[in-house]
Amino acid sequence: MKKLIIEARVNEYAPRTRNKHVPWSVSEIAQNAAACRSAGASVVHFHSRKTDGSPEHSYESYRDTVKAIRAATDILIHPTLGYVTLNAPAAERLSHIRRMVEDDGVPPDIAPMDMGSTNVSVIDERGHYVPDQEERVYQNSTATLHYFADHIRKYKLKPYLQIWNISFMREMEQFFKMGWLDAPVFAEFVCTDNHCIGGHPGTAKGLQALIDFLPEQVPVEWTVCNYGGNLLPLAAQAISQGGHISIGLGDYHYNELGEPTNAELIARVVQIAREYGREVATPQEAKQILGIH
Ligand code: ZN
């Protein structure tokens, strides 16, 4: 049976109010990456953060984090482009990736592309829109995505296509038909359970709709996250249907389990995977599955 790729989504822009283990600093992110690797993760996804937890967009912070992770572990590295917090032209959104590759020779392995645009107004714990967030739109035009596809390929990294809903899946299929993506396509289904309603709900139906809409003509290795909610109830559904798992404190505090660390969440997924007969992939095995050379 195909081995399972587990991606640790260690921090996103999560606060520490509900879980103090969310890593913010360079060294905390690198320590989390190593601990998650030991627990069974083969990919780490991170967002650079300032000391107060706010988004950090400096090139140096990304470069230093990639270096620190490389020094600590062989896990595959997947930095963000800044999500909706960096509303900038395509070249600027990708500039830290370009500079790591071209200026410093410390490339990551994977770079993300969210395959469409959607409202990402944040919803608070009472289920209300946060007032000053009602203008938030996560914009990714086809031109921007075409630029990302061409340049991520040029930098010899693996593009990671985030699929928030079925129209994003159609854009992915179109890009593949245009010859802008290489097989297998690596796609992440982004369920958004509580945080915002831009993606599918983090329910069995929400996930299954995405799985059922996978295009037959496109070889896809897919993974799933639940931005804002508990992914564990969906883990068996994904694992048993050949999917991979992307989980971490960046998405959700997991207070159902107390105050777990990222590595403890990875260990949970490993346990569930074994119940379904799937062993976890090492970074080297993940590279083979994803066609990373
Ligand atoms: Zn992210």
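The zinc ion sits in an irregular site, with angles of 53 to 136° among its four donor atoms. The model is predicted. The protein donors come from E12, H45 and H47. The structure also holds 17 salt bridges, and E12 takes part in one of them, with R9.

**Zinc site**
- Along the sequence, the donor residues follow the spacing E-x32-H-x1-H.
- H45 is buried, because its relative accessible area is 3%, under the 20% cut-off.
- H47 also counts as buried, at 1% relative accessibility.

**Salt bridges around R9**
- R9 and E12 pair through their side chains at 3.4 Å, N to O.
- Both R9 and E12 are buried.
- R9 also bridges to D251, with the closest N and O atoms 2.7 Å apart.
- R9 belongs to strand 1 (residues 6-9) and D251 to the loop between strand 10 (244-247) and helix 9 (262-275), so the pair ties together parts 242 residues apart in sequence.
- D251 is buried, as is R9.

**The R18–E125 pair**
- R18 and E125 form a salt bridge, their closest N and O atoms 2.7 Å apart.
- R18 lies in the loop between strand 1 and helix 1 (26-39), and E125 in the loop between strand 5 (118-119) and strand 6 (137-138).
- The two residues are 107 apart, linking distant parts of the chain.
- R18 is partly exposed at 34% relative accessibility, whereas E125 is exposed at 68%.

**Network**
- Shared partners join R9, E12, E188 and D251 into one salt-bridge network.

Definitions and conventions
Residues are numbered from 1 along each chain as its sequence is written. This is a predicted model: local features need pLDDT of at least 70, side-chain atom pairs count only at pLDDT 80 or more; totals for chains, interfaces and linings use all residues. Side-chain values use heavy atoms; hydrogens and water are left out. Donors are N, O and S atoms within 2.8 Å of the metal (3.2 Å for Na, K and Ca); water is not among the atoms, so sites may look incomplete. Four donors count as tetrahedral if all angles lie between 85 and 135 degrees; four count as square planar and six as octahedral if opposite donors are over 155 degrees apart and all others between 65 and 115; anything else is irregular. Buried means under 20% relative accessible area, exposed over 50%, partly exposed in between (1.4 Å probe, protein chains only). A salt bridge is a side-chain nitrogen of Lys or Arg within 4 Å of a carboxyl oxygen of Asp or Glu. Helices (H or I, at least four residues) and strands (E, at least two) are DSSP runs, numbered from the N terminus.
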